Amino acid sequence: MKLTVSDLTFGYNGKTILDGISLDIEKGVIVSLVGPNGAGKSTLIKCIDRILKPQKGTVYIDGKEAAQLSSKDFSKTMGYVPQSTLEVFPYTVFDIVLMGRRPHIGWRVTGNDVKIVSRTLRFMGIEEFASRYFDELSGGEKQKIAMARALAQEPEVLLLDEPTSNLDIKHQLEVMNIVKKLVSERKISAIMAMHDLNLASRFSDSIVMLKDKRVFKVGDPRSILISENIERVYGVKAEVIKDSRGMPYIMPIEPV
Amino acid sequence: MTEDEVFDAEEVYARASWKKTLFTLVLFVAVALLAVFAVSMGAASLGMGECFRVVLAEFMPVEEVSTFAQVVVLQLRLPRILMAIITGISLGVAGAVMQGVLRNPLVSPYTLGLSSGAACGAAIAIVLGVGLLGTGRYIIVINAFFFSLLTMAVVYGISRIKGTSVETLILAGVAMGYLFSAVISLLKYTSGHEELREVVFWLMGGLYTARWENVIVLIPAVFFLTALLMRYSWDLNAMSAGEEVAVSLGINVNRVRVTCLTLSTILTASVIAFTGVIGFIGLVSPHVCRLLIGNDHRYLIPCSGLVGALLLLVSDTACRTMISPTEIPVGILTSFIGVPFFLYLLVRKKRRWWQ
């Protein structure tokens, strides 16, 4: 599925957050949205997923306007993983992932839904948590469960809002590896808001740099993550070295 | 347990679902058995056998029963028991739905000001003799009902001004509750002896006014509203993960919220208009069920209703038999019986999800 964002503008209380964002996202790629705090990364993700309603602009799915789809049909095309999930009430892991089947089911859960949920749990390697309660789990496990819920939707685009920001380094890598595996095995696309430039560099096919409510630059990590761009977007002097695979590794030195 | 069983998620889910279904059935049977038992309990000493014959005689004109037994069982006890069950169901269901839709464990028809609104409407009818609609015997009921609905409309309206924030809605409900309490206090302060007594009784709640003519209307209404609310189980489940996730799962959060709040308000208002203020059940029944079977609304809603029915039926039976022929207001006993039970569950269960 090809996703096109055209001239998207969003703001509230007279304050503009996104100003004329246009993007093309091909099928089966990992795209990272990077930029300083307040650049509009999360907002853009929410606008694409229709959680927020943009004042202007259109999102096209394979050339068709996303706004024309019913909310149920739309939710079959895109899955959303929030930055953090807080469950006020007790749910088991299985029940939470089963919620991802909501767009597909009426009142009754079919054997197929149960199969998809358990397959998703296995794919994520969290099968043994099925009967555990969500609040008993660690931050990394919770993140995987939120991802599993979005996957159970069987979306063609996965939207992740800072998926690694609260995780330790091992869980960061695990989560990113899962995204990578998903994109290559299921040919879906992943769009992530990312703070960690080095993870973005290692795992993305394409990087979208946001600055002052607009798209600053788009391209592959090698061409985008250079000291000049980082200084202009973040206001930080940074040294960019190459890792063993030739991908840029950013070492921030000092604020300008 | 073999390793295979532990890691087979489908098996785990099937087992959990079966447990929850069983729990629902056990509650259902418990309510039915307790109802049968309650029929034979009361100031007039009638055996269980005799009570059965009275009920049977209604359908098959073969048995000889005394008119006294007939009046006691058919006109006094049965409608009251049925009223206890449907009131308990309504409060339990409404509590579960309201807590779910607002994602807050402290919410209940009581905390949202609905009970105070109803009480205020009733007090106005009792003390001032003024009603919104109708006259005569139902003026109190109708006033209580509409004041309750009005409260929710105002509370929701206030929250809409600030973009339907859940916190605003709950706080507005609590604030309205205080306002209504103040009006009630004022009415009590200025009312005469006879009216004051009646207001106090209404505020304590009771099922002694139960009549067939009301019960017959309320039973289908309560079941219809409960069934409607249960259709939103999935939406409520998804909404408990937060508004954004719910939207991305294709749910129209605002519409679900308005519909569920409206339906559960009508559900609550239609019973408390008859019974007066019965607090605690709406708050605690959902929690009792959550501690035992978790929060899946497909099971939580019916179970919470049944636990409410159980709690209210036990309390009401106790309060009309403990010091018979007089009785204790049921509101007092629901708290006496329910609070220790709830605290026991709270302390005993290791899971601490409410933090």
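How many helices and strands are there in chain A? In this predicted model, chain A has nine helices and twelve strands. Its radius of gyration is 18 Å, close to the 18 Å that the globule rule gives for 256 residues, so chain A is as compact as a globular protein of that length.

**Chain A overall**

- The C-alpha trace of chain A spans about 55 × 40 × 35 Å along its principal axes.
- Of the 256 residues in chain A, 46% are buried.
- Among the contacts in chain A with a separation of 6 or more, 65% are between residues 24 or more positions apart.

**Confidence**

- Chain A has a mean pLDDT of 91, and 100% of its residues reach 70 or more.
- Within chain A, confidence is highest in strand β3 (residues 30-34), at a mean of 96.
- Confidence in chain A is lowest in strand β5 (residues 64-65), where the mean is 90.

**The six-stranded sheet**

- Six strands of chain A form an open sheet with mixed pairing, in the order β6-β7-β8-β3-β9-β10.
- The edges of this sheet are β6 (78-81) and β10 (214-219) of chain A; each has a single partner strand, so one side of each is left without a neighbour in the sheet.
- From one strand to the next, the twist averages 15°.
- Strand β3(A) pairs with strand β8 (residues 189-193) of chain A in the parallel sense, over four bridges.
- Leu33(A) has Ala193(A) as its bridge partner in β8(A).

**Helices on the sheet**

- Helix α1(A) packs on the sheet and touches β3, β7 (157-161), β8 and β9 (206-211) of chain A.
- The direction of α1(A) makes about 145° with that of β8(A).
- Helix α5 (residues 139-152) of chain A also packs on the sheet, where it touches β6 and β7 of chain A.
- The direction of α5(A) makes about 170° with that of β6(A).

**Helix α1 of chain A**

- Helix α1 of chain A covers residues 41-48 and is mostly covered, with eight of its eight residues buried.
- The buried residues of α1(A) include Lys41(A) and Lys46(A), as well as Leu44(A), Ile45(A) and Ile48(A).
- After α1(A) comes Arg50(A), which has a positive phi, near 65°.

**Ile30 of chain A**

- Ile30(A) lies in strand β3 of chain A.
- Is Ile30(A) buried or exposed? Ile30(A) counts as buried because it has 24 C-beta neighbours inside 10 Å.
- Leaving aside residues up to four places away in sequence, Ile30(A) touches Val179(A), Lys180(A), Val183(A), Ala190(A), Phe203(A), Ser204(A) and Asp205(A).
- Ile30(A) and Ile207(A) are 177 residues apart in sequence, while their C-alpha atoms are 8.6 Å apart in space.

**Contact between chains A and B**

- On the two sides of this contact are 38 residues of chain A and 29 residues of chain B.
- On the side of chain B that touches chain A, the elements that give two or more residues are α1 (3-7), α2 (9-39), α10 (233-239) and α11 (243-248) of chain B.
- Helix α2(B) gives the most to that side of chain B, with five residues.
- By class, the side of chain B that touches chain A has 14 nonpolar residues, eight polar ones and seven charged ones.

Definitions and conventions:
Residues numbered from 1 in each chain as written. Chains lettered and ligands numbered in written order. Predicted model: local features only at pLDDT ≥ 70, side-chain atom pairs only at ≥ 80, totals over all residues. Buried ≥ 20, exposed ≤ 12 C-beta atoms within 10 Å, placed from the backbone. pLDDT = per-residue confidence, 0-100. Contact = placed C-beta atoms within 7 Å. Rg over C-alpha atoms; globule rule 2.2 N^0.38 Å. Pairing = 2+ DSSP bridges. Axes fitted to C-alpha atoms, helices over the stretch in contact; angles between N-to-C directions. Nonpolar A, V, L, I, M, F, W, Y, C, P; charged D, E, K, R; others polar.
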